[in-house]
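Open the model in your viewer and keep the selection panel at hand. The stops below say what to select next and what is there.

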Amino acid sequence: MLIATLTPVTHPALPNAPSALLFSPTATGISPDTLDTDDSSSNNDPDSADNQDLKDPHQRTQDNSPDTKKKPVPPVELDANGNPIPLNLRQPQRILGFMPNFRSVSGGAVAHPPGWKYNFQVATHQSFDYSSFIFLGITSLSAEGLNSHPVLGKGVDGFYAYTWRGLLDKTDGTYLSAWFLPSLLHEDTRYYAMGRGHSIPIRALYVISRQAVAQTYGGKQTPNIAGLGGKVLTQVISREYYPAGATSFGVLATKFAYASMRDIAFTSIREFYPDIAAHYVRTHNEKVARQAARDAQAAGVHGNP
């Protein structure tokens, strides 16, 4: 069966992991360390203005010497054994510095335990991230241009009609699939990449299978009732704010299919992006090293009498 053959490498406890950007020395977007936890306690240290008790003990931070305080260095994400996670296993908070990736887990990282409070915070960040509104504008403009739902109209009025309904679709779907249903059913719907060591076709099949397969809080694989149920309930709820001409079974089924296709496309990016980023960094460093060697050689030749 697909569930049995496409099982990813098991990681102990798994993470709220999005790590620092692969292409940038500074992280952008939310950090899992800023999210409240169900079992976190308040920090009474007067020198801690940013809730240091919420920091991940598995991340290595800079020392407190005067010199290093001048130039803060982002923490390095560590695995369960305290070793830095390789670039080709890291899931950045933002892919290409823009696309939100808050619900992915770096390979080998220690996962933040899911729960009602934590899942709600992640869903809120995902729903109201600035990039979500940019994508919303693009998809609403496209839908208006293609006249996807003629009953909603055209022009400025049509764009507005698509936009506010699209916002409700997006937030309903996120809260249902990332917060309410996963918390209720104890399903972890975060993405755990299969990673290198498998062929591209196998990894592609694994990506597709995540639409139907999730894992329990205990790490066992289970049908993805929360993910699929969230998409279905989103379409059911949308009948309350879409006009009659846009709520037929065929229209709702098409919207469900598009939502699934978008998820597969984005999940494919999350699966293969770390490999691409690591390859880019490696080739860039090799290019810099070759150029430095040529410069050194040229300087040595010109320096000889």
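Helices (H or I, at least four residues) and strands (E, at least two) are DSSP runs, numbered from the N terminus. This is a predicted model, in which local features need pLDDT of at least 70 and side-chain atom pairs count only at pLDDT 80 or more, while totals for chains, interfaces and linings use all residues. Residues are numbered from 1 along each chain as its sequence is written, and side-chain values use heavy atoms, with hydrogens and water left out.

Helix H3 covers residues 116–128, and it packs on H5 at an angle of about 165° with the axes 9 Å apart. Axes here are lines fitted to C-alpha atoms, for helices over the stretch in contact, and angles run from 0 to 180 degrees between N-to-C directions. H3 and H5 are therefore roughly antiparallel; the classes are roughly parallel under 35 degrees, roughly antiparallel over 145, roughly perpendicular from 65 to 115, and oblique for the rest.

Now show the side chains of the contact (heavy atoms within 4.5 Å). On H3, pick Trp116, Asn119, Phe120, Ala123, Thr124, Gln126, Ser127 and Phe128. On H5, the partners include Lys170, Thr171, Thr174, Tyr175, Ala178 and Trp179. The residues of this contact divide into 10 nonpolar, seven polar and one charged. In that count Ala, Val, Leu, Ile, Met, Phe, Trp, Tyr, Cys and Pro are nonpolar, Asp, Glu, Lys and Arg are charged, and the others, Gly among them, are polar.

**Second stop: H4 against H5**

From H4, the contact includes Ser132, Phe133, Leu136, Gly137 and Ser140; from H5, it includes Gly155, Gly158, Phe159, Tyr162 and Thr163. The contact residues of H4 and H5 divide into seven nonpolar, seven polar and two charged.

Centre on Thr163, in helix H5. Not counting residues up to four places away in sequence, Thr163 touches Leu136 and Ser140. A C-alpha to C-alpha distance from Thr163 to Glu144 gives 9.3 Å, for two residues 19 apart in sequence.

Next, go to Asn147 in the loop between H4 and H5. Its phi is near 55°, a positive value in a residue other than glycine. Most residues other than glycine have a negative phi. With a relative accessible area of 30%, Asn147 is partly exposed; buried means under 20%, exposed over 50% and partly exposed in between (1.4 Å probe, protein chains only).

Move to Leu96, in the loop between strand S3 (94–95) and strand S4 (99–100). Leu96 is not a glycine, but has a positive phi of about 60°. Its relative accessible area is 59%, so Leu96 is exposed.

Select Val105, Ala111, Tyr191, Tyr192, Ala193, Met194, Tyr206 and Val207, the eight residues of the largest nonpolar core. Such a core is a set of buried Ala, Val, Leu, Ile, Met, Phe, Trp, Tyr and Cys residues joined through side-chain atoms within 4.5 Å. Strand S7 (191–192) and helix H6 (200–209) each supply at least two residues of it. A second, separate core has seven residues, among them Leu152, Ala161, Tyr162 and Ala246.

The C-alpha atoms of Thr267 and Val207 are 6.3 Å apart, although 60 residues separate them along the chain. Thr267 is buried, at a relative accessible area of 5%.

Finish on Thr222 in strand S9 (residues 221–223). Thr222 counts as buried because its relative accessibility is 16%. Beyond its neighbours within four places in sequence, Thr222 is in contact with Glu187, Ala212, Val213, Ala214, Gln215 and Thr216.

**Zooming out**

Show the whole protein: eight helices and nine strands. Of its 305 residues, 40% are buried.
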